[in-house]
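The sequence and the model come first, and the description follows.

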Amino acid sequence: MPFRLRSHAQQALFGLLVAIAINHPAAADDEQRAARVPLLPKYQQECAACHVAYPPGMLPAASWQRVMHTLPHHYGTDASLDPATVKQLATWLTAYAGTYGRVREAPPEDRITRSAWFVRQHDEVPAAAWKRPSVKSASNCAACHTRSDQGDFNERFVRIPR
């Protein structure tokens, strides 16, 4: 007997779940595709005003939840937002959070730059490079990743400034 949904509500819910599963980064075979989830305009507006709008797949859901609940003390800065915006951003970030192998565990202090995969990917970058005035810190992705504003961190587009 084939599977059959009984109500319009069940059909709508099923359609929504299928759409989420297809578009969710966890369904992506390619981790690069997971990093390229189209950014929520409100996320880009609020977060990219101070730093690159990190793709949600770079942290697990638990990290994003902690980050969003500690905005008044956001890594030394008060990044408070109104409750409706926090809810909207937290929902989107956790829906598209990283679930694949390298992101499954929360990094120390929920810092992308302290995650094992980040450290491995950047192990060839000399310590002095992070201290250059044009770079300032490892969290300044845009200094070297010329397409980070598009969610593209491919090594082909890395230019370490002098």
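**Overall fold**

The model is predicted. The protein contains seven helices and zero strands, and the order of elements from the N terminus is α-α-α-α-α-α-α. The chain has 162 residues, and 34% of them count as buried. Among contacts with a separation of 6 or more, 57% are between residues 24 or more positions apart. The accessible surface is about 10500 Å², and carbon and sulfur atoms make up 56% of that area.

**The largest pocket**

The volume of the largest pocket is about 720 Å³. Its lining consists of 27 residues, and those closest to the centre are Cys-50, His-51, Tyr-54, His-74 and Tyr-75. Two helices, α3 (41-47) and α4 (61-69), each give two or more residues to the lining. Sorted by class, the lining holds 18 nonpolar, six polar and three charged residues.

**Salt bridges**

Side chains of opposite charge can pair when their charged atoms come close. The count of salt bridges in the model is five.

| Pair | N to O distance | Relative accessible area |
|---|---|---|
| Lys-42 and Glu-46 | 3.7 Å | Lys-42 24%, Glu-46 26% |
| Asp-110 and Arg-66 | 2.7 Å | Asp-110 11%, Arg-66 39% |
| Arg-147 and Asp-152 | 4.0 Å | Arg-147 33%, Asp-152 7% |

Lys-42 and Glu-46 both belong to helix α3, where they are four residues apart, which means that about one helical turn separates them. Lys-42 counts as partly exposed, and Glu-46 is partly exposed too.

The side chains of Asp-110 and Arg-66 also meet in a salt bridge. This pair links distant parts of the chain, with Asp-110 in the loop between α5 and α6 and Arg-66 in helix α4, 44 residues apart. Asp-110 counts as buried because its relative accessible area of 11% is under the 20% cut-off. Arg-66, at 39%, is partly exposed.

In the pair of Arg-147 and Asp-152, Arg-147 is partly exposed, whereas Asp-152 is buried.

**Two positive phi angles**

Most residues other than glycine have a negative phi. Tyr-75 has a positive value, with phi near 50 degrees. Tyr-75 is located in the loop between α4 and α5 (83-95), and it is one of the residues closest to the centre of the largest pocket. With a relative accessibility of 36%, Tyr-75 is partly exposed, because that value falls between the cut-offs of 20% and 50%.

Glu-109 likewise has a positive phi, near 55 degrees. Glu-109 sits in the loop between α5 and α6 (116-121), the loop that also holds Asp-110. The relative accessible area of Glu-109 is 54%, so this residue counts as exposed, the cut-off being over 50%.

Methods
Residues are numbered from 1 along each chain as its sequence is written. This is a predicted model: local features need pLDDT of at least 70, side-chain atom pairs count only at pLDDT 80 or more; totals for chains, interfaces and linings use all residues. Side-chain values use heavy atoms; hydrogens and water are left out. Buried means under 20% relative accessible area, exposed over 50%, partly exposed in between (1.4 Å probe, protein chains only). Contact means heavy atoms within 4.5 Å. Accessible areas come from the Shrake-Rupley method with a 1.4 Å probe; for residues, only the protein chains shown count as cover. On a 1 Å grid over the protein atoms alone, a cavity is a set of points where a 1.4 Å probe fits but cannot get out, and a pocket is an open set with protein on both sides within 12 Å along at least five of seven lines; lining residues have an atom within 4 Å of a point. Grid points are joined across faces, edges and corners, and a volume is the space filled by probe spheres set on the points. Ala, Val, Leu, Ile, Met, Phe, Trp, Tyr, Cys and Pro count as nonpolar, Asp, Glu, Lys and Arg as charged, and the others, Gly among them, as polar.
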